[in-house]
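Trainee: I would like to go through a structure step by step. May we look at it together?

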Amino acid sequence: MQIFGLTGPAKPRVHGRSVVQAASSFTIVGLQLDALDVQAVPQRGRIEDCYLTSTPAISSFAGEGTLRVTGSPQVIVTRTDVKGFDDDLNDTPALRVEGSTVAVVACSFLGGSGTVPPKASCGEWGASGAELVGGSRVVATDSTFQGGDGAPATTFSQCGGNGGTGISPVGSTLELRTCTVIAGKPDLDTFLGTPAPPLAASGGLVVSEGVVGTFGSGAIHIVAPYKLPAISIEPILSPGSSGQLWLTGPIGEPGILVVSLAADTATLGHYEGTLWILPQPLLLVPFLTLQVGDFAVL
């Protein structure tokens, strides 16, 4: 399944909660969506150059998210901005990944902020920028994850809301490459507790280039910060323009750049070992990090 819209600021708007379920693969490009569920897609799913503005949560229970990926092993999200929903019952994260593998490139995720509660109630907490559960795996590069801000207490209450964490992985694997992770701000006037950390992990594995956070449940294995392999293009390009391709990682490490027009070539987000690439790629370029290459788009 392929759904194409316009690129640039004027994106066609799709109202309501969109669902992609059990399609063999899909591509969604250049749309403004209220919310999107990706469920049980066995092959590659691609979301590119989209804006997810948030829509009211379906329920007040956990498990919501403006962009929700469930049971899908190969989803790629690029150049997409996602915002969580704010309401009186359920402030939602921008991204929720359940039992899935997702690659994130040049995206931003902002959790929903707490709203002013009913009379004599504590301020609501902000939601996480992203939640990872159920043994998920997320590899993110050149992206921002930010929790929503906490809400103030009402007139007859003295407990303001805390901010949301930037990312909350539970029993999952997370790799952060040149990313920014920010906790939401608590209500400074009435919140008396400890502000939320940018990253709050429980179990699983976190590989990070220096993002601070808290780690619990005894199952977490923290890998010391180091320069992770990454590829980026500066600036965002259009036909007829030129730019630079940055290939980064530990200085002096060997790598190989694979260029192909086929969508199913080298789709693994992270792989160590022998990698066979089919069909025949257009270009194979060996390199040593750091390397910068100039190119033009025809």
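Mentor: Let us begin with E131, which counts as partly exposed because its relative accessibility is 22%; buried means under 20% relative accessible area, exposed means over 50%, and partly exposed lies in between (1.4 Å probe, protein chains only). The model is predicted, so local features need pLDDT of at least 70 and side-chain atom pairs count only at pLDDT 80 or more, while totals for chains, interfaces and linings use all residues. Residues are numbered from 1 along each chain as its sequence is written, and side-chain values use heavy atoms, with hydrogens and water left out.

Trainee: Which side chain meets that of E131 in a salt bridge?

Mentor: A salt bridge is a side-chain nitrogen of Lys or Arg within 4 Å of a carboxyl oxygen of Asp or Glu. For E131 the N to O distance is 2.6 Å, and the partner is R96.

Trainee: How many residues apart in sequence are the parts that R96 and E131 tie together?

Mentor: Strands are DSSP runs (E, at least two residues), numbered from the N terminus. R96 lies in strand β10 and E131 in strand β13, so the parts that this pair ties together are apart in sequence by 35 residues.

Trainee: Is R96 buried or exposed?

Mentor: R96 also meets the side chain of E98 in a salt bridge of 2.7 Å, N to O. E98 is partly exposed, with a relative accessible area of 22%. The relative accessibility of R96 is 13%, so R96 counts as buried.

Trainee: What is the bridge partner of E98 in β13?

Mentor: Two strands pair if DSSP finds at least two bridges between them. Strand β13 (residues 130-133) runs parallel to β10, and four bridges join them. In β13, the bridge partner of E98 is V133.

Trainee: In which sense do strands β7 and β10 pair?

Mentor: Strand β7 covers residues 67-70 and strand β10 covers residues 95-98. Over four bridges, their pairing is parallel.

Trainee: With which residue does E175 form a salt bridge?

Mentor: E175 is buried, with a relative accessible area of 6%. E175 lies in strand β16 (residues 167-177) and its partner in strand β14 (residues 137-141), so the pair ties together parts that are 38 residues apart in sequence. The closest N and O atoms are 2.9 Å apart, and the partner is R137.

Trainee: How many salt bridges does the structure hold?

Mentor: Among the residues involved, R46, E48, D49 and R79 are linked in a network of salt bridges. For the structure, the number of salt bridges is nine.
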